Amino acid sequence: MSDITFKNTRFDPDVIEFHGIAQQMAKSVGYTADMAVEKQLAQLLRLRVAQMNACSYCLILHTKAAQDQGIHPAKIAHLPSWEESTMFSAAEQTALGYCEALTSYDLGGFAPLHDAMTQHFSETEIAEVAAIVINMNLWTRLKLAQGATPVLEG
């Protein structure tokens, strides 16, 4: 990302220390955090939220982070169509469904998806998955509100 910078076109979130609040949460569940949930799965969830919310900043950052985590490029490219794929394990598919329901605020479909998570993940891992998704939704909305616009340098 060294050749891409971001310009705030709407407001500076540091006026009210918003970045600091978001960064505190990211320390616990961000892409550099040490968690019980598998690192590649956590990164897929972050990237899926970025895709769903069309956050340029997060898409660029988390696509690179997914590559750095060793996720196969075809799997990264194929993430939006995970439901039609055999590239994703049953646990990954369950977590991605949960991620999408939590991101889209699917009240009717959320309870069964949460129950399905218990078949693949511990209580701690489920809490981490929820926190990852919530944290990413915070970041995508923050970047949208501030108008984080990518600028290709050079």
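Let's start with the largest pocket of this predicted model, which holds about 200 Å³ of space. A pocket here is an open set of points on a 1 Å grid over the protein atoms alone, with protein on both sides within 12 Å along at least five of seven lines, and lining residues have an atom within 4 Å of a point. Helix 3 (56-68) and helix 7 are the elements that give two or more residues to this lining, and helix 3 gives the most, with four. Among the lining residues are Tyr 57, His 62, Asn 135 and Trp 139.

Residues are numbered from 1 along each chain as its sequence is written. Local features need pLDDT of at least 70 and side-chain atom pairs pLDDT 80 or more, while totals for chains, interfaces and linings use all residues, and side-chain values use heavy atoms, without hydrogens and water.

Now turn to Leu 79, in the loop between helix 4 (73-78) and helix 5 (90-104); helices are DSSP runs of H or I, at least four residues, numbered from the N terminus. Leu 79 is buried, at a relative accessible area of 0%, where buried means under 20% with a 1.4 Å probe, protein chains only. Leaving aside residues up to four places away in sequence, Leu 79 touches Leu 44, Leu 47, Arg 48, Gln 51, Phe 88 and Leu 96, a contact being heavy atoms within 4.5 Å.

After helix 5 comes Tyr 105, with a positive phi near 60°.

Technical notes
Buried < 20%, exposed > 50% of the residue type's maximum accessible area, 1.4 Å probe, protein only. 1 Å grid on protein atoms, 1.4 Å probe; cavity = no way out; pocket = protein on both sides within 12 Å on 5 of 7 lines; lining within 4 Å. Points joined across faces, edges and corners; volume = space filled by probe spheres on them.
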